[in-house]
Amino acid sequence: MNGLMPDCPKCHQAIDSQTVTCPRCFTVLKAYGHPGIPLHRATGAASLCLTCTYHADDTCTYPQRPYARECTMYHDRTKPTPTTNPMTSSDPLRTLQSWLRKKFP
Ligand code: SF4
Ligand SMILES: [Zn+2]
């Protein structure tokens, strides 16, 4: 983390690092700027998503998928899956989002 104020990946509104949803466009920002969460970075040419569990099982709801080169939620799909998938855990907004995605793909 570089200590700079993050901005929304969609509308570039400056946002507080604790903010979960962009106040302007309502993009879910959980991947951004949360302290204490490791930020994974792509090292090669390929995006992180291509090797990510949550891309493979289609539970990722981040707008940067499938082109994320930096992501806090990345999980290497060649490694054992965490017992709780944070992408499908009981975050009401996320639950709603994934429901909407299934309903209106
Ligand atoms: S969690 Fe991150 S790396 Fe994984 S698919 Fe979603 S955006 Fe890509
Ligand atoms: Zn925004």
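What percentage of the 105 residues of the protein chain count as buried? The share is 20%, where a residue is buried if 20 or more other C-beta atoms lie within 10 Å of its own, exposed if 12 or fewer, and partly exposed in between, with C-beta atoms placed from the backbone. This is a predicted model, in which local features need pLDDT of at least 70 and side-chain atom pairs count only at pLDDT 80 or more, while totals for chains, interfaces and linings use all residues. Residues are numbered from 1 along each chain as its sequence is written, and chains are lettered from A and ligands numbered from 1 in the order in which they are written.

**View 1. The protein chain and its elements.** The protein chain has 2 helices and 2 strands, and from the N terminus on they run β-α-β-α. Helices (H or I, at least four residues) and strands (E, at least two) are DSSP runs, numbered from the N terminus. Of the contacts with a separation of 6 or more, 42% join residues 24 or more positions apart; two residues are in contact if their C-beta atoms, placed from the backbone, lie within 7 Å.

**View 2. Confidence along the chain.** The average pLDDT of the protein chain is 80, and 79% of the residues score at least 70; pLDDT is the predictor's confidence in each residue, from 0 to 100. Where pLDDT is low, the predicted coordinates should not be read in detail.

**View 3. The surroundings of ligand 1.** Ligand 1 is surrounded by 13 residues, and the closest are Cys 49, Cys 52, His 55, Cys 60 and Cys 71. A residue is near a molecule if its C-beta atom, placed from the backbone, lies within 6 Å of it. The shell has 10 nonpolar, 2 polar and 1 charged residues. Here Ala, Val, Leu, Ile, Met, Phe, Trp, Tyr, Cys and Pro count as nonpolar, Asp, Glu, Lys and Arg as charged, and the others, Gly among them, as polar.

**View 4. The largest nonpolar core.** This core has 10 residues in all, among them Leu 48, Cys 49, Cys 52, Cys 60 and Tyr 74. A nonpolar core is a set of buried Ala, Val, Leu, Ile, Met, Phe, Trp, Tyr and Cys residues joined through C-beta atoms within 7 Å. Not counting residues up to four places away in sequence, Cys 52 touches Cys 60, Tyr 74, His 75 and Arg 77.

View 5. Asp 58 is not a glycine, yet its phi is positive, about 60°. Asp 58 is exposed because 12 other C-beta atoms lie within 10 Å. Most residues other than glycine have a negative phi, and most peptide bonds are trans.

**View 6. The segment before β1.** His 12 is found in this segment and has a positive phi, near 65°. His 12 counts as exposed because it has 11 C-beta neighbours inside 10 Å. Val 28 is found in the segment before β1 (40-41), and it counts as partly exposed because it has 16 such neighbours inside 10 Å. Val 28 and Cys 8 are 20 residues apart in sequence, and their C-alpha atoms are 9.1 Å apart in space.
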